[in-house]
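Welcome! Please have a look at the structure first, and then read on.

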Amino acid sequence: MTALRLLIVDDHPLVRAGLRARLLAEPWIAEVVEAADGTEALQAVPDRRPDLMLADLSMPGMSGIELMRRVREVRPDMPVIALSMFNHREYVIAAVRAGARGYVLKDGPLDEIVDAVREVL
């Protein structure tokens, strides 16, 4: 697997920092770009050209669902994994309909997120 660039979108700095640290421990991940909200993410997508985006579903302003819809207009080929605290069927369905190729829970082990990134790619 070639070295990849990921984009993490979450309004909580600790979540972003934890995910970033864990993901950068993988030799096949070259860079992790962070965005605190959907607006920052929409700027980072064309500027930084991430290979995959991890997006929180619950953010102030633009939701992760709306972000995924808007990203699909700009980069329909870029895979997205939804991050959520909610293990509810309706959230999963909404995320998949918006373009998510994976759905992981934030309270799960960090290795599950790494596995999800590997699987989706």
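A helix axis here is a line fitted to the C-alpha atoms over the stretch in contact, and angles run from 0 to 180 degrees between N-to-C directions. Keep in mind that this is a predicted model.

**Helices α3 and α4**

- Helix α3 covers residues 64–74 and helix α4 covers residues 89–98; their axes lie 8 Å apart, at an angle of about 15 degrees.
- Since angles under 35 degrees count as roughly parallel, α3 is therefore roughly parallel to α4.
- The two helices, α3 and α4, cross in a right-handed way.
- On the α3 side, the contact is made by I65, M68, R69 and R72, while α4 brings in A94, A95, R97 and A98.
- Sorted by class, the residues in the contact of α3 with α4 are five nonpolar and three charged, with no polar ones.

**Helices α2 and α3**

- Helix α2 spans residues 38–48 and packs with α3 at an angle of about 15 degrees, the axes being 10 Å apart.
- That angle is why α2 and α3 are roughly parallel to each other.
- The crossing of α2 and α3 is right-handed.
- From α2, the residues G38, A41, L42 and V45 meet L67, R70, V71 and V74 of α3.
- The contact of α2 with α3 is made up of six nonpolar residues, one polar and one charged.

Definitions and conventions. Residues numbered from 1 in each chain as written. Predicted model: local features only at pLDDT ≥ 70, side-chain atom pairs only at ≥ 80, totals over all residues. Heavy atoms only, no water. Helix = DSSP H or I, 4+ residues; strand = E, 2+ residues; numbered from the N terminus. Parallel < 35°, antiparallel > 145°, perpendicular 65-115°, else oblique. Left-handed = near helix turned anticlockwise from the far one by under 90°. Contact = heavy atoms within 4.5 Å. Nonpolar A, V, L, I, M, F, W, Y, C, P; charged D, E, K, R; others polar.
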